[in-house]
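Thanks for passing this one along.

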Amino acid sequence: IDSLADSLQVALRDAGYARARPKAVETAGDTARRVGTVRMTFVPGPITWIGDVGVRVTPSGTRPVLGDAAVLRAFGVAPGERFSARRIADGQRRIAALDLYRTVRIDTVGRRDARGAATDTIGLAMTLAESDLRRLRTTAGWGTLDCFRAQARLVDQNAAGTGHRL
């Protein structure tokens, strides 16, 4: 029952109800007939929209590899869109797949009106920490045909300042 409630809550959040939560769960069962019913009531709250999307990068060098606009394009979720937890998670995976960042964290920032009630917009705060942009790997060994082998591999994560790997 808890798993079902969690799945329904995720589905509601993907449909734009970011503040959806279960209100009541009623169960009834007849063990003799082996039947049961579960009734769940949710409080969805208002449809929620994405507000501001902030980007904070901890660079590995003197300045960030990608600018905020490029990070937001890779993220793919823009202000004014309907809230979807799945789209936010997909955007987080797209940024992580760039292999430029050691950590990618996205938090929601709730908004309150003058009375202290939650508004229908939620801001997003993206915190990124860059990983090492250059990696060097060396190996050495003895081959099966009486030969010595050596190998070196240098990977540049930001080739020509484009964020592409070389």
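1. Which side chain meets that of Asp-107 in a salt bridge? The partner is Arg-105, at 3.0 Å from N to O; a salt bridge here is a side-chain nitrogen of Lys or Arg within 4 Å of a carboxyl oxygen of Asp or Glu. Asp-107 is partly exposed at 29% relative accessibility, while Arg-105 is exposed at 52% (buried is under 20% relative accessible area, exposed over 50%, partly exposed in between, with a 1.4 Å probe and protein chains only).

2. A word on the source: this is a predicted model, where local features need pLDDT of at least 70 and side-chain atom pairs count only at pLDDT 80 or more, while totals for chains, interfaces and linings use all residues. Residues are numbered from 1 along each chain as its sequence is written, and side-chain values use heavy atoms, leaving out hydrogens and water.

3. The count of salt bridges comes to five. One of them joins Asp-14 and Arg-86 (3.6 Å, N to O). Asp-14 lies in helix H1 and Arg-86 in helix H3, so this pair ties together parts 72 residues apart in sequence (helices are DSSP runs of H or I, at least four residues, and strands runs of E, at least two, numbered from the N terminus).

4. Do look at Glu-130, in strand E5 (residues 118-130).
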